[in-house]
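Q: Could you walk me through this structure step by step, explaining the terms as we go?
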Amino acid sequence: MFDLATLGTFVAVVLGLFLIPGPAVLLVLSRTVQGGREVGVMTGLGVAVGDFLHTVFAAVGLSALLMTSALAFNLVKYLGAAYLIYLGVRAILAKPAGAAAGEAALPVSPAKAFWQAIPTELLNPKTALFFLAFMPQFVHPEQGSAFVQFMALGLIFVVLSALYTTALACSVRLLGRCVRRLSWLARWQGKIVGSIFITLGLKVAAQSR
C-alpha cells in the first residue's frame with residue numbers, strides 16, 4: 001500500500017511534530033504529576049482514542065465541515081475550551097483530602113483521566129484540521145483505496161502517539177512521587193493543575209482557522 005520512502009517520511013514528520021509541546025503533551029504531563037504514571041499513561045491513551053476518532057471523521061469527510069464552516073469551527077472550538085476550563089475550575093476548587101493533616105489530595109483515577117482526555121482531544125478543532133490537511137499529503141489513490149490508506153496512516157499516528165505519551169508518563173513518574181510527598185506542594189497541586197487546564201482552554205479558545 002505504501003512504499004518505504006512515503007512511510008518513512010510520514011513517521012519522521014510525526015515524530016518531529018511530537019517534539020513540539022502542545023495541549024495533549026501538557027495534559028499528559030500535568031496528569032502524571034498529579035496522579036502518577038498510570039494516570040499519565042491512561043491520559044495518553046485517551047488522547048490517542050481522540051486522535052483515532054479524528055482519523056475516522058476526516059476519512060469519511062466529516063472534518064471538512066470545520067474547514068468550510070466558520071460556525072462549526074467556532075462551535076467545536078468553544079466547546080473544547082469550555083470543557084478544559086471546567087476541568088481547571090474543578091481542580092482549583094477541589095479541597096485536598098486530609099489537608100489538615102498535611103496529606104495530599106486524592107488524585108484522579110486512571111479510568112477518569114482516560115475518559116476526560118478523549119473529549120479534550122476530540123473537541124480541539126486544530127487537531128481535526130491537522131488530520132484533514134496533513135494526512136492527504138501521504139495518500140495516493142493510485143496505490144489503492146484512499147480510505148484504507150487514510151485509516152492506516154491514522155492508526156500509525158495513534159500508535160506512535162500512545163507510545164510517545166506513555167514514554168513521557170514513565171519519564172516523569174519520579175517527579176509525581178516527589179510532589180505527593182511534599183505536603184505544602186500537594187496543597188497547591190490542584191491549583192497548579194487547574195491553572196494549566198484553564199490556560200490550555202484559553203489557548204484553544206484563541207485559535208483561529
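A: Let us begin with a term: a polar contact is a pair of N or O atoms within 3.5 Å, where within protein one must be able to donate a hydrogen and the other to accept it, and residues adjacent in sequence count only if both atoms are side-chain atoms. This is a predicted model, in which local features need pLDDT of at least 70 and side-chain atom pairs count only at pLDDT 80 or more, while totals for chains, interfaces and linings use all residues. Residues are numbered from 1 along each chain as its sequence is written, and side-chain values use heavy atoms, with hydrogens and water left out.

Q: OK, so which backbone oxygen lies 2.9 Å from a polar atom of the side chain of Ser30?
A: That is the backbone oxygen of Leu27. Ser30 itself lies in helix 2, residues 23-35, where helices (H or I, at least four residues) and strands (E, at least two) are DSSP runs numbered from the N terminus.

Q: And is Ser30 buried or exposed?
A: Ser30 counts as buried because its relative accessibility is 4%; buried means under 20% relative accessible area, exposed over 50%, and partly exposed in between, with a 1.4 Å probe and protein chains only. Other buried residues of helix 2 include Ala24, Val25, Leu27 and Val28.

Q: What about the largest nonpolar core, which residues touch the most other members?
A: Of its 15 residues, those are Phe10, Val14, Phe134, Met135, Phe150, Leu153 and Phe157; a nonpolar core is a set of buried Ala, Val, Leu, Ile, Met, Phe, Trp, Tyr and Cys residues joined through side-chain atoms within 4.5 Å. Helix 1 (4-18), helix 3, helix 7 (125-134) and helix 8 each give two or more residues to this core, and the largest share, 5 residues, comes from helix 8.

Q: Where is Val148 found, and why does Val148 count as partly exposed?
A: Val148 is found in helix 8, residues 146-171, and counts as partly exposed because its relative accessibility is 40%.
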